[in-house]
Amino acid sequence: MIELDPIAKEKLERALARKGLRSTRQREQVFAVVYGSDDHPAADVVYQRVKNSVPGISLATVYNCLETLSDCELIRQVNFEREPSRFCLNKEHSLHHAHFHCRDSGKVIDVDLPNDFIENLSQFLPGGYRIDKIDLTLSGTSAENQRKFITNG
Ligand SMILES: [Zn+2]
């Protein structure tokens, strides 16, 4: 059983209640895994991590829990081409949280965007619209590898 801190637990219960749902042991434990992971695990990795604390939980249930938690905006689904979805905690200022995918290591790194990012981006929108959500994924390689490539070429 993974212990969820009281603040996170309350947040979970409130977000589920807003959708008319209640906190179950499975939902709580799946949330606890994502909450405690900073490597943006995919569903099968969450399943591996939650299995010990919820014996008998199935991969399908883990998928369902992840979907529910995403619907409640407690966690975020991160998608890169041809890769299974990965999950991370929806932070308070998630509006400004983008993802960088390193093609060398497969790592997904959080990128905190500056506060004026949306403001600057908004000037490219047609008049009468405003941005309230950004889903930004960036990809590339490590600078180290880039240098190697240049020297070898
Ligand atoms: Zn993230």
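How many helices and strands are there in the protein? There are six helices and five strands, where helices (H or I, at least four residues) and strands (E, at least two) are DSSP runs numbered from the N terminus.

**Basis of the model**

This is a predicted model, in which local features need pLDDT of at least 70 and side-chain atom pairs count only at pLDDT 80 or more, while totals for chains, interfaces and linings use all residues. Residues are numbered from 1 along each chain as its sequence is written.

**Overall architecture**

Along the sequence, the elements of the protein follow the pattern α-α-α-α-β-β-β-β-α-β-α. Taken along the principal axes, the box filled by the C-alpha atoms is roughly 50 × 45 × 25 Å.

Of the 153 residues in the protein, 22% are buried (20 or more other C-beta atoms within 10 Å of the residue's own, with C-beta atoms placed from the backbone). Among contacts with a separation of 6 or more, 52% join residues 24 or more positions apart; a contact requires the C-beta atoms, placed from the backbone, to lie within 7 Å.

**The three-stranded sheet**

An open sheet of three strands has the order S4-S3-S5, with mixed pairing; two strands pair if DSSP finds at least two bridges between them. Strand S4 (108-112) and strand S5 (137-140) are the edge strands, each pairing on one side only. From one strand to the next, the twist averages 30 degrees (axes are lines fitted to C-alpha atoms, and angles run from 0 to 180 degrees between N-to-C directions).

Strand S3 (residues 97-102) pairs with S5 in the parallel sense, over four bridges. His 99 stands opposite Thr 137 in S5.

Key. Buried ≥ 20, exposed ≤ 12 C-beta atoms within 10 Å, placed from the backbone. Contact = placed C-beta atoms within 7 Å.
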